[in-house]
Amino acid sequence: MGLLTQLLTFPLAPVRGVTWVVDQVVEAAEREYYDPETVERELAALERELLEGRIDQAAFDEREDQLLDRLEEIAAYRRGDPTV
């Protein structure tokens, strides 16, 4: 970028800064959302709840299905499957 371009676009600097911050937040959220370890930890915790008697089999089955669907979604995302 030349000096003239920098001077002319200087008023847009705060917008570029905010855009960069938003991009970073979105990337961090996607990394967390598509992290299979988080879902696997939830599955383990769910199984512990079932074994300890804190939830019944029906609740376990329902939540387990949701978590397994999330793992499938994560796998498809990592493969670059456009159906996600």
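**Figure legends: overall fold and helix α4**

Of the 84 residues of the protein, 13% count as buried. The structure shown in each view is a predicted model.

**View 1. Overall arrangement of the helical chain.** The protein contains four helices and zero strands. Followed along the sequence, these elements give the pattern α-α-α-α. The radius of gyration is 22 Å, well over the 12 Å that the globule rule gives for 84 residues, so the protein is more spread out than a compact globule. Along the principal axes, the C-alpha atoms fill a box of roughly 70 × 30 × 15 Å.

**View 2. The negative surface patch that includes Glu62.** Six residues are to be located here: Asp56, Asp61, Glu62, Asp65, Asp69 and Glu72, which form a negative surface patch. Glu62 belongs to helix α4, a helix that covers residues 57-79. The relative accessible area of Glu62 is 52%, and Glu62 is therefore classed as exposed, the cut-off for this class being over 50%.

View 3. Ala59, like Glu62, is found in helix α4. Ala59 counts as partly exposed because its relative accessibility is 32%, a value to be read against the limits of 20% for buried and 50% for exposed. In sequence, Ala59 and Leu46 are 13 residues apart. In space, the C-alpha atoms of Ala59 and Leu46 are separated by 9.5 Å.

Methods: Residues numbered from 1 in each chain as written. Predicted model: local features only at pLDDT ≥ 70, side-chain atom pairs only at ≥ 80, totals over all residues. Heavy atoms only, no water. Patch = residues over 30% accessible without salt bridge, like charges linked within 9 Å, V, L, I, M, F, W, Y side chains within 5 Å. Areas by Shrake-Rupley, 256 points an atom, 1.4 Å probe, with all protein chains shown as cover. Salt bridge = Lys/Arg side-chain N within 4 Å of Asp/Glu carboxyl O. Lys, Arg positive; Asp, Glu negative; His and termini not counted. Charge placed at Lys NZ, Arg CZ, Asp CG, Glu CD. Helix = DSSP H or I, 4+ residues; strand = E, 2+ residues; numbered from the N terminus. Buried < 20%, exposed > 50% of the residue type's maximum accessible area, 1.4 Å probe, protein only. Rg over C-alpha atoms; globule rule 2.2 N^0.38 Å.
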